[in-house]
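I opened this notebook page to record what I looked up in one protein model. The entries follow the order in which I consulted it.

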Amino acid sequence: MTPRYQVGIRRILGENSQRVTPQRALLLELIHGRGGHLDAHELYTLAQKRYPRLSLSTVYRSLRLFKSLGLIHELHFDEEHHHYEERPSREHYHLKCLGCGKIVEFESRRVAQLKKEMGNEHEFEVVGAEIQLAGRCSRCRPQEKGAK
């Protein structure tokens, strides 16, 4: 975790009367370092390698705290569990492969235009958008064609 990022995290936790524990620091470091899209069990598995006494309940409590403080974003990819990523600095969207589960992030000026149009049309102040497009990545498409 970069020192500047650590200072920001410590400030946010401190301003909200929350301690910076080794477990919280490790979990945030893993989310920051991996670029996100981890679920709680993946995060737990990675963290246990460096902090064997960490419990899964600590992971879940920390994720709830981080989400409530706006440090992370919770993603719903039509699965029973959620994925987490560092709070993005810019709005972005996701492509999800239905074959291998690969997640690809993308940005689009078209979405900004759509938000503006829909806001005007419905007299609504649009402040954000969550878009997930599902399909098959280039690796999974040939496998599917061969299976038919």
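**Entry 1. Overall make-up.** I note at the outset that this is a predicted model. I looked up the secondary structure and found six helices and six strands. Reading along the sequence, I recorded the pattern α-α-β-α-α-β-β-β-β-α-β-α.

**Entry 2. Burial and contacts.** I checked how much of the chain is buried: 30% of the 148 residues. For the accessible surface I noted about 10,300 Å², with 48% of that area belonging to carbon and sulfur atoms. I then turned to contacts between residues at least 6 apart in sequence; of these, 50% join residues at least 24 apart.

**Entry 3. The three-stranded sheet.** I asked in what order the strands of the open sheet lie. The order is S5-S4-S6, and the pairing is mixed. The edge strands are S5 (103–106) and S6 (132–135), each of which pairs on one side only. From one strand to the next, the twist averages 20 degrees.

**Entry 4. S4 with S6.** I examined strand S4, residues 93–97, beside S6. The two run parallel and are joined by four bridges. Across this pairing, I found Leu-95 opposite Leu-133 of S6.

**Entry 5. S4 with S5.** Lys-96 stands opposite Ile-103 in S5. I also recorded that S4 and S5 form a hairpin, with five residues between the strands. In the turn, Gly-101 has a positive phi of about 85 degrees. As background, I noted that strands of a sheet pair through backbone hydrogen bonds, whether parallel or antiparallel.

**Entry 6. Helices H2 and H4.** I asked at what angle helix H2 (residues 22–34) packs against helix H4 (residues 56–68). The angle is about 70 degrees, and the axes are 10 Å apart. On the H2 side, the contact is made by Gln-23, Arg-24, Leu-27, Leu-28 and Ile-31. On the H4 side, I listed Thr-58, Val-59, Ser-62, Leu-63, Leu-65 and Phe-66. Sorted by class, the contact of H2 with H4 has seven nonpolar, three polar and one charged residues.

Notes. Residues are numbered from 1 along each chain as its sequence is written. This is a predicted model: local features need pLDDT of at least 70, side-chain atom pairs count only at pLDDT 80 or more; totals for chains, interfaces and linings use all residues. Side-chain values use heavy atoms; hydrogens and water are left out. Two strands pair if DSSP finds at least two bridges between them. Axes are lines fitted to C-alpha atoms, for helices over the stretch in contact, and angles run from 0 to 180 degrees between N-to-C directions. Contact means heavy atoms within 4.5 Å. Ala, Val, Leu, Ile, Met, Phe, Trp, Tyr, Cys and Pro count as nonpolar, Asp, Glu, Lys and Arg as charged, and the others, Gly among them, as polar. Buried means under 20% relative accessible area, exposed over 50%, partly exposed in between (1.4 Å probe, protein chains only). Accessible areas come from the Shrake-Rupley method with a 1.4 Å probe; for residues, only the protein chains shown count as cover.
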